[in-house]
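Subject: Structure handover

Hello,

Here is the structure I said I would pass on. My notes on what was found follow below.

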Amino acid sequence: MSGIIEKLAGTGDLTDGELASLIGTDEHDGELYKTADEARRSVYGTDVYIRGLIEFTNYCKNNCYYCGIRRGNEKASRYRLTAGQIFSCADTGYELGFRTFVLQGGEDPHYTDEMICEIVSGIKRRHADCAVTLSFGEKSEESFRAYWSAGADRYLLRHETADPAHYRMLHPASMSLEDRKQCLWNLKKIGYQVGSGFMVGSPYQTVANIIADLRFLQELRPAMIGIGPYISHKDTPFRDFASGTVELTLRLVSVLRLMHPYALIPATTALGTIAPDGRERGLKAGANVVMPNLSPTSVRKYYLLYDNKICTGDEAAECRHCLDARVALAGYGIVVARGDVKTREAKKVAV
Ligand code: SF4
């Protein structure tokens, strides 16, 4: 094993210089993926957890320059799901073996805290053995506490970039990296299993930015880490920027797996969008989660954060069966389970 990968696998860390050289070359890719896969197998075996994604609103009050559902995109066809429609998605998902539902949306003031709490507690009442993950942006600590009291288990909030100057280039002045980070710390304090992550290959991103992202994740120690390639959307100010690459994304999935052996790391839809076998390759590089879509097919084509998104036409059952086959072919197996994060402490007790 090359010294640099051995050090990363053994200590979970590298110097900035070592990270820059590992990220900057494809020389070690095969060995890096293999070592990361061994690390995931030592904690999670070949299990792959599935999350049923319910994209309940594509309205957003924000205007992130990279996002297809940003407020300023007048070409986006907007929709909102009712509580009843969301429950129906969850019921379908439950029948298909999903035990985690992810409520994802833009920052949409239409949904009051009361409405969100009713939706969360409604899902929990119907499916008590399921986890509910929320993912609809920045909220006050008070709101996060209300959702937690209603039964929410996890929250996904990507920091997107941990470098303040880079953050400014991707977001309008109304948003700040400090606010984003504060939300993540608040979520951790409340007790959520927290997910964060960043875009790979976003406009203006440098290797130093990526290292800052890795350092921030080491500090935050999230339960879930989602990274995906930046993919440009034709109706955004960033329409002319090139998308991120599969290679760099996979390399970073492996680095993250070796830094965070216990984390839940998805093989993202964005990865599957830029390469037909992107999600399978993500699993082989250390990922252990996939998040198929449970949103009604009638609205799926409108939740487009980026162009050419896959699986916008398939029924939920088709998605599930397609994924079963893909995951099995890659050498892993989907399990019917909530798929909570494992911890080093729990493993010691089990041993
Ligand atoms: S990235 Fe999120 S917060 Fe930003 S515009 Fe898109 S949905 Fe809204």
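The model is predicted.

Helix α6 covers residues 141-150. Directly after α6 comes Gly151, which has a positive phi, near 120°. Within α6, the buried residues are Phe144, Tyr147 and Ala150. They lie on the same side of α6 because the arc they cover around the axis is only 120°. An α-helix has 3.6 residues a turn, so residues three or four places apart point the same way. The cover over the buried residues of α6 includes α5, β4 (131-135) and α8 (177-190). Glu142 and Ser149 are exposed, and they sit on the face of α6 turned away from its buried side.

α5 (residues 113-126) also packs against α4 (residues 83-95), at an angle of about 35° and with the axes 10 Å apart. The crossing of these two helices is right-handed. On the α4 side the contact is made by Ala83, Ile86, Phe87, Ala90 and Asp91. These meet Glu118, Ile119, Gly122, Ile123 and Arg126 of α5. Sorted by class, the contact between α4 and α5 holds six nonpolar residues, one polar and three charged.

Last, the ligand. Which residues surround the ligand? They are Cys60, Asn62, Cys64, Cys67, Ile69, Arg70, Gly106, Glu107 and Gly137. By class, this shell around the ligand has four nonpolar, three polar and two charged residues.

Regards

How values were computed: Residues numbered from 1 in each chain as written. Predicted model: local features only at pLDDT ≥ 70, side-chain atom pairs only at ≥ 80, totals over all residues. Axes fitted to C-alpha atoms, helices over the stretch in contact; angles between N-to-C directions. Helix = DSSP H or I, 4+ residues; strand = E, 2+ residues; numbered from the N terminus. Left-handed = near helix turned anticlockwise from the far one by under 90°. Contact = placed C-beta atoms within 7 Å. Nonpolar A, V, L, I, M, F, W, Y, C, P; charged D, E, K, R; others polar. Buried ≥ 20, exposed ≤ 12 C-beta atoms within 10 Å, placed from the backbone. Arc of directions from axis to C-beta. Near = placed C-beta within 6 Å.
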